[in-house]
Amino acid sequence: MHSPTSGAPHQAPSPADIEARLTAELAAVVAGARRRALRDGDRQLDTAHLLHSLMESDTEVRAAFEDGPQVARVLGYLVQRSIGYGLRWQGSVEDSGAVPLMTQPGWSPSALTALEYALRRAAARGGDQVTGRDLLAALAADPECRAVQVFQHAGVDAGALTDRLGELPGRLGEATRQA
């Protein structure tokens, strides 16, 4: 993802504003990701936490992958992360550099950016609420986030995944610059 061209700080929507626009199912995903982050001892909910909770609970998200073995590899890597493989991420802030000063307590900047992008994607398709597929597309669109690192380790092409999800105009970096 590229940094915005403007040097102006970006005012991020609050997590409460974002969460009000989530489907009930996706709100449960966010709650699960938050519990996972706490259980893992992480200071912030990051994109890998969101991906893990999303993969476990949303059949439409799992259907977006090429085959069953891809889903199993992604989930397997995420489980390894939660039992210690991801310790290299503990204590560090996930920030792909998309938007400076886009922070909220308890959320990594990349996770908040992904949720904001998912909101924009839902609005572009005419939806009032963000779905799991919107969030998955947002996660796959940020090549610097931890969720994409998980995809890479599991052999999933994030670009091809984004294409399968029917990417709408305005990639993640462009969406954040327009805010």
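**Notebook: helix packing and core**

I began at leucine 78: leaving aside neighbours within four places in sequence, it is in contact (heavy atoms within 4.5 Å) with Ala48, Leu51, His52, Met55 and Val150. The model is a predicted one, in which local features need pLDDT of at least 70, side-chain atom pairs count only at pLDDT 80 or more, and totals for chains, interfaces and linings use all residues. Residues are numbered from 1 along each chain as its sequence is written, and side-chain values use heavy atoms, with hydrogens and water left out.

**Entry on leucine 78.** I placed leucine 78 in helix α5; helices (H or I, at least four residues) and strands (E, at least two) are DSSP runs, numbered from the N terminus. Its relative accessible area is 1%, so leucine 78 is buried (under 20% relative accessible area, with exposed over 50% and partly exposed in between, for a 1.4 Å probe and protein chains only). I then looked up its C-alpha distance to histidine 52, which is 6.1 Å for a pair 26 residues apart in sequence.

**Entry on the whole chain.** I found 10 helices and zero strands in the protein. Of its 179 residues, 51% count as buried. I also looked up sequence separation: among contacts between residues at least 6 apart in sequence, 69% join residues at least 24 apart.

**Entry on the core.** I looked up the largest nonpolar core, which has 46 residues. Such a core is a set of buried Ala, Val, Leu, Ile, Met, Phe, Trp, Tyr and Cys residues joined through side-chain atoms within 4.5 Å. The residues with the most contacts inside this core are Leu51, Phe65, Val74, Leu135, Leu136, Phe151 and Leu161. The elements giving two or more residues to it are α2 (24–40), α3 (47–57), α5 (68–82), α6 (109–124), α7 (132–140), α8 (146–153) and α9 (158–164). The most comes from α6, with eight residues. I checked phenylalanine 151 separately: not counting residues up to four places away in sequence, it touches Leu51, Phe65, Val74, Leu136, Ala140, Val156, Ala158 and Leu161.

**Entry on α7.** I noted that α7 is largely enclosed by the rest of the structure, because eight of its nine residues are buried. Those buried are Gly132, Asp134, Leu135, Leu136, Ala137, Ala138, Leu139 and Ala140.

**Entry on α3 with α8.** I read an angle of about 60° for this pair, with the axes 6 Å apart. Axes are lines fitted to C-alpha atoms, for helices over the stretch in contact, and angles run from 0 to 180 degrees between N-to-C directions. The two helices are therefore oblique to each other (under 35 degrees counts as roughly parallel, over 145 as roughly antiparallel, 65 to 115 as roughly perpendicular and the rest as oblique). The contact is made by Thr47, Ala48 and Leu51 of α3 and Arg146, Ala147, Val150 and Phe151 of α8.

**Entry on α2 with α3.** I found that the axes of α2 and α3 come within 8 Å and cross at roughly 125°. That makes α2 oblique to α3.

**Entry on aspartate 42.** I located aspartate 42 in the loop between α2 and α3. At 15% relative accessibility, aspartate 42 counts as buried. Its C-alpha atom is separated by 9.2 Å from that of glycine 106, 64 residues apart along the chain.
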